[in-house]
Amino acid sequence: MMKMEIQLKTPLYDKLITYSSDNPISFHVPGHKNGVIFQEKGRPIFEGLLKLDVTELTGLDDLHSPEGVIQESQKLLTKLYEVDTSYFLVNGTTVGNLAMIMAAVNEGDVVLVQRNCHKSVLNGLQLSGARPVFINPEYDVDWNVASGLSVNSVQSALKQYPDARALIVTYPNYYGMVYNLSEIIELAHQKNIPVLVDEAHGAHFIAGGPFPSSAVTLGADIVVQSAHKTLPALTMGSFLHFNSKLVSKSRLEKYLHILQSSSPSYLIMASLDLARSYVGTLNDLDIEYLTEQVTEFRRCLGNLPGIKVLSYENDEGDLLKVTIQSTRGMSGFELQDIFEKAGIYAELADPVNVLLIFPLIKVGISYPLVEIISRLRQALLSLEEQEEKQKEFLPLTKEGTSTLELSFGEMEKREMKKVDFDQAVGKICAEMIIPYPPGIPLLFPGEMISEEDVKQIVWHLNKGTRFQGGELLREGYLRVF
Ligand SMILES: Cc1ncc(COP(=O)(O)O)c(C=O)c1O
């Protein structure tokens, strides 16, 4: 069978449909009994789905020991990404990051980590008891965001820490920016160091065409992808791809069993089966259509008053991500507000940007782009008269590598106290300070607080950024050891 024809198959979804069409009587979990029992007001919305929200019944296989339809579905995923083994995850990329780190790293190991990582990466390192060495990323001053790793920075980190046991990177970043991961993987592999990739935002890269290469194709050892972020899958549905001679597969599976629910959602798994089939059957015409639609959307957006659409360096980046800035000095949050008043909800706003995620549409699927542009034109009308104004950016300037001042074990034993921002400089941070979204920590527990960190916090507070962690920030305090 042709490669793409095979991807039309959806064994798990089909099995669930066959099972539910026989009107089975449930004396098992979940308590809604195929939707027979349910709070009335939720019934109209939930009814259809509840029929498929089942458990490990005869013939429906078991995610933790797959040998039937789930195995078949996962094998189709493996075929699509051309790796050793692929897994469905029902607890998001969060659980995939935790499991891949626990599988690859032992207590006390030095691990090289891209500094602008998701909090789940640091949490994984904490659980494993590793010693992270952070490699600071490049910083894009026009976008005011941390982008990717330079080959040079990885090269010197590998030289400085030849005993590193793993390299953990994030690719692409939230805004769709990519970098020379191919060379970075090669450098790490020359030293037998496995490369673990948080590719939460790149599950669709496998479609090829205008998309950057996936870390899977570039030879990474383990890659975790949030299928739910860019593919049509239910929230929490993710993929993990294993393709390594340097990491133990059985150890990875052990941690997936430990960390994932023992009642994995069949709805999430079925949606992963369908999402894999969706991306696996994107053809050249679909890609051409999608590219035209995105290009036209970006062109129309760019003609609206008061905003500009950002472009990637050398045009290399994710086609689905569209980042916008105000040309009238507004913050991303203020711009987001205007969008929301027009009924258009962006993925995120930060102090300077608004990020839209374009849908992975195929030929025959239309998104109301003309309507969106027309609503935005109306909403942005008031900006037409306003003068062009530059925004204030506050780029990060950290370079090279940095480490934690205390081991995770030591942090557990220490007392914490709150101090005001001025006193915090030079002290060791005791909490994760995360501007959210995008969810990339500004400070990790165990890091020395610098003047620049405090400036960044104050700048974010003034811009109206929301934080995860740092409950006392708005009162002017940081927690330190
Ligand atoms: C880079 C990155 N990694 C991991 C995650 C966590 O993914 P999930 O929501 O699938 O658990 C996110 C979520 O936003 C992310 O942006």
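In what order do the eight strands of the open sheet run? The order is E1-E9-E8-E7-E6-E2-E3-E14, and the pairing is mixed. Strands here, like helices, are DSSP runs numbered from the N terminus (E, at least two residues, for strands; H or I, at least four, for helices), and two strands count as paired if DSSP finds at least two bridges between them. All of this comes from a predicted model, in which local features need pLDDT of at least 70 and side-chain atom pairs count only at pLDDT 80 or more, while totals for chains, interfaces and linings use all residues. Residues are numbered from 1 along each chain as its sequence is written, and side-chain values use heavy atoms, with hydrogens and water left out.

At the edges of the eight-stranded sheet sit strand E1 (85–89) and strand E14 (401–403), each pairing on one side only. On average, neighbouring strands in this sheet are turned by 20° against each other, direction ignored; the axes behind that angle are lines fitted to C-alpha atoms (for helices, over the stretch in contact), with angles running from 0 to 180 degrees between N-to-C directions. Within the sheet, E2 (residues 110–114) and E3 (residues 131–135) run parallel and share five bridges. Val113 faces Phe134 of E3 across this pairing.

There is also an open sheet of four strands, ordered E10-E11-E13-E12 and paired antiparallel. Its edges are E10 and strand E12 (348–349), each with pairing on one side only. Five antiparallel bridges join E11 to strand E13 (residues 353–357), and Lys321 is set opposite Ile357 in E13.

Turning to charges, the whole structure holds 15 salt bridges, counted wherever a side-chain nitrogen of Lys or Arg is within 4 Å of a carboxyl oxygen of Asp or Glu. One of them joins Lys249 and Asp84 at 2.9 Å, N to O. This pair ties together distant parts of the chain, 165 residues apart: Lys249 belongs to helix H10 (residues 249–259), and Asp84 to the loop between helix H4 (69–81) and E1.

Glu138, Glu313, Asp315, Glu316 and Glu399 make up a negative surface patch. Patch members have over 30% relative accessible area and no salt bridge, with like charges joined within 9 Å; the areas come from the Shrake-Rupley method with a 1.4 Å probe.

Val29 to Pro30 is a cis peptide bond, with omega near -5°, and Pro30 falls in the loop between helix H2 (11–21) and helix H3 (43–50). Asn34 lies in the loop between H2 and H3 as well, and its phi is positive, near 60°, in a residue other than glycine. Tyr171 to Pro172 is cis, with omega near -5°; Pro172 is in the loop between strand E6 (166–170) and helix H8 (181–190).

Note on methods. Patches are made of residues with over 30% relative accessible area and no salt bridge: like charges are joined within 9 Å, nonpolar side chains (Val, Leu, Ile, Met, Phe, Trp, Tyr) within 5 Å. Lys and Arg count as positive and Asp and Glu as negative; His and the chain ends are not counted. The place of a charge is taken as NZ of Lys, CZ of Arg, CG of Asp or CD of Glu.
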